[in-house]
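Subject: Structure handover

Hello,

Here is the structure I said I would pass on. Please open it and keep it beside this message while you read.

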Amino acid sequence: MDDKFLHEAGVEMMRLVKSTLHAYRRFSKSAIDDDHISVCGLQILDSLRYYPDRNTVSEIAESIEVSKGLVSREVETLRKNGYVTTAVDSKDRRVLRIFIDREESDEILVKEKKMLFSLIFQMAGDLTDEEIATYKSLNKRVYDNLMKADIDREIPHIEEIDVTKFVF
């Protein structure tokens, strides 16, 4: 594969990831503008909704890729506003379990989901089913490669690429 082409493909992938995350946050934020909840709080509710058994501060922090301290602060805010409840684990009193209050949180999660469907439609609404299937297939291959990526893996001919021409 041509090194210039590979570099351009990598830049394009990173741009898509960053732009998608930015749009996701912007659309999520618009769903919660009137509520006493942050985008991080919304991510915590999503995590608890989809993975109710992964309900400790550590597990949630790992799931949404933020610090445990931020999750702890957000959980306290969510608890004060009635979106979650907390309880000490019955087997290990050092562990605090967090539970979503569906009655309180469903409305905000539905608002968020509507906004995200709007985003998805705007991103892909003009693609054919075949184009979406191709995109999903390619995306899965790239994702699978990403999950196998290893910092210590030796890549043949990588030393032959003059990376300085892509830096300066």
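Is aspartate 92 buried, partly exposed or exposed? Aspartate 92 counts as partly exposed, at 22% relative accessibility. The cut-offs are under 20% relative accessible area for buried and over 50% for exposed, with partly exposed in between (1.4 Å probe, protein chains only).

Two notes on the origin of the values. This is a predicted model, in which local features need pLDDT of at least 70 and side-chain atom pairs count only at pLDDT 80 or more, while totals for chains, interfaces and linings use all residues. Residues are numbered from 1 along each chain as its sequence is written, and side-chain values use heavy atoms, with hydrogens and water left out.

Salt bridges

A salt bridge here is a side-chain nitrogen of Lys or Arg within 4 Å of a carboxyl oxygen of Asp or Glu. The whole structure has 10 salt bridges. One of them joins aspartate 92 to arginine 94, with the closest N and O atoms 2.9 Å apart. Arginine 94 counts as exposed, at 76% relative accessibility. Salt bridges that share partners also join Glu59, Asp89 and Arg97 into one network.

Another salt bridge pairs aspartate 3 with lysine 165, and its closest N and O atoms are 3.1 Å apart. Aspartate 3 lies in helix H1 and lysine 165 in the segment after helix H6 (129-148), so this pair ties together parts that are 162 residues apart in sequence. Helices are DSSP runs (H or I, at least four residues), numbered from the N terminus. Lysine 165 is partly exposed, with a relative accessible area of 48%.

Glutamate 76 is partly exposed at 30% relative accessibility, and arginine 79 is partly exposed at 34%.

Helix packing

Two packed helices are described by the angle between their axes and the distance between the axes. Axes are lines fitted to C-alpha atoms, for helices over the stretch in contact, and angles run from 0 to 180 degrees between N-to-C directions.

Helix H2 (residues 39-50) packs against helix H4 (residues 68-80) at an angle of about 85 degrees, with the axes 9 Å apart. H2 is therefore roughly perpendicular to H4 (65 to 115 degrees counts as roughly perpendicular). Contact means heavy atoms within 4.5 Å. On the H2 side, Cys40, Gly41, Ile44 and Leu45 meet Leu70, Val71, Glu74, Val75 and Leu78 of H4.

Helix H3 (residues 57-64) also packs with H4, at an angle of about 110 degrees and with the axes 9 Å apart. That makes H3 roughly perpendicular to H4. Val57, Ser58, Ile60, Ala61 and Ile64 of H3 make the contact with Lys68, Val71 and Ser72 of H4.

Histidine 36

Where is histidine 36 found? Histidine 36 is in the loop between helix H1 (3-32) and H2. With a relative accessible area of 61%, histidine 36 is exposed. Leaving aside neighbours within four places in sequence, histidine 36 is in contact with Thr77, Asn81 and Tyr83. Histidine 36 and glutamate 12 are 24 residues apart in sequence and 36 Å apart in space, C-alpha to C-alpha.

Regards

How values were computed. Helix = DSSP H or I, 4+ residues; strand = E, 2+ residues; numbered from the N terminus. Parallel < 35°, antiparallel > 145°, perpendicular 65-115°, else oblique.
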